[in-house]
Amino acid sequence: EKGGYEHFMIKEIHEQPQAIFDSLRGRLDPESLNITLSGLDTIKEKLIAAKRVIIVACGTSWHAGLLAEYWIEELCRVNVEVEYASEFRYRNPIITPEDIIIAISQSGETADTLVALENAKAQGATIFGIVNVVGSSIARVSDAGIYTHAGPEIGVASTKAFSAQLTVLLLFAIKLAEFKQSASEELRKQLSKELSEVPDKVKYILDSTVEDIKVIAKKYQNATDFLFLGRGYNFPIALEGALKLKEISYIHAEGYPAAEMKHGPIALVDETLPVVFIATKDRVHEKIVSNMQEIKARSGKLISVVTEDDQLAISLSDEHIKIPASHEMIAPILAVIPLQVLSYYVGIERQIDVDRPRNLAKSVTVE
Ligand code: M6R
């Protein structure tokens with residue numbers, strides 16, 4: 001059942017090229033680059049008219065939502081808010097019938113997300129579900145939606161469901177930008193083309209980085225804390241990298257926007273602290289390189305995920321993991337892969353039951 005792998009988690013990490021491919025299949029035509037999302041058709045006019053999109057989710061799905069905020073605001077020029085379902089449901093939020101609520105959930109059964117949606121629906125909002133489990137409660141409460149086609153995810157730590165969520169959310173953003181004519185055709189086609197190449201790039205990353213990451217995991221397995229830093233599109237990936245490590249290695253980890261360091265967390269940095277930078281080439285690359293220099297100057301250990309030709313970032317790093325060049329909006333989908341692998345092997349080194357880490361349930365059906 002684990003297909004020759006030792007754990008479901010590593011099997012599911014390696015299934016990501018397929019999960020992403022399946023989530024694109026029949027939706028993104030690799031020849032014409034046209035996108036067909038039948039789930040959007042029934043609410044097309046509402047989507048175009050919406051003044052606000054509210055994304056509701058928990059955990060890893062919330063991180064997918066945070067990245068979707070960056071994508072949708074950039075491409076569709078509409079306000080997006082990203083809410084923790086547990087906070088949203090209890091704080092009497094202002095919801096109108098003009099609002100589109102996007103729910104993101106692997107299981108489709110997360111109690112807080114489900115109730116948050118039911119409340120918003122009662123106030124007239126349109127619910128759009130991005131769900132992996134067909135026919136689940138959240139799928140049923142949604143007015144429309146797009147399924148992720150990740151297949152069953154058994155490991156408690158979400159991996160392939162996350163990359164499938166990102167795939168579907170970026171498809172959604174590109175399609176909405178087409179409806180609204182809010183991004184150029186050239187950009188939409190470029191993103192669509194690069195999205196169609198993601199399965200092969202993820203496979204390449206898995207083929208080319210795992211052995212090096214095992215060595216890094218061994219070296220840093222006894223650290224008591226880790227920081228994960230990113231900016232822009234890679235900030236949600238920093239949060240996700242930290243969550244993954246916490247869940248399956250029990251090492252304390254925090255994700256931050258890299259520039260927040262000097263507002264407090266930099267006080268933690270000394271020669272024992274590994275700091276993981278997600279530093280692919282993008283519009284804020286120069287900025288994150290200077291954040292790397294700041295950590296280096298304080299003797300922190302730099303582990304970085306970099307674009308493969310980035311000699312400057314590589315020269316600053318104690319350890320580096322190279323990923324292929326891509327458009328900056330695509331890079332985060334690639335950058336998360338080595339962080340999942342790193343967490344897995346740190347968990348293995350520490351002899352943790354990575355598929356079933358303590359205190360956690362695969363789906364949180366109680367609040
Ligand atoms: O099934 P959902 O996507 O609604 O689950 C949300 C979170 O419980 C889930 O993502 C959790 O954070 C994972 N264990 C993360 O790996």
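User: How many bridges join strand S6 to strand S8, and in which direction do these strands run?

Analyst: Strands of a sheet pair through backbone hydrogen bonds, and the pairing is either parallel or antiparallel. In this predicted model, strand S6 (residues 225-230) and strand S8 (residues 274-278) run parallel and are joined by three bridges, and Leu-229 stands opposite Phe-277 in S8. Two strands count as paired if DSSP finds at least two bridges between them, while strands (E, at least two residues) and helices (H or I, at least four) are DSSP runs numbered from the N terminus. Residues are numbered from 1 along each chain as its sequence is written. Local features need pLDDT of at least 70, side-chain atom pairs count only at pLDDT 80 or more, totals for chains, interfaces and linings use all residues, and side-chain values use heavy atoms, with hydrogens and water left out.

User: What is the strand order in the open sheet, and which are the edge strands?

Analyst: The five strands have the order S7-S6-S8-S9-S10, with parallel pairing. The edge strands, S7 (252-257) and S10 (319-323), each pair on one side only.

User: Which strands does helix H12 touch?

Analyst: Contact means heavy atoms within 4.5 Å. Helix H12 (residues 285-297) packs on the sheet and touches S6, S8 and S9.

User: How many of the residues of the protein count as buried?

Analyst: A residue is buried under 20% relative accessible area, exposed over 50%, and partly exposed in between, with a 1.4 Å probe and protein chains only. Of the 367 residues of this protein, 60% count as buried.

Methods: Axes are lines fitted to C-alpha atoms, for helices over the stretch in contact, and angles run from 0 to 180 degrees between N-to-C directions.
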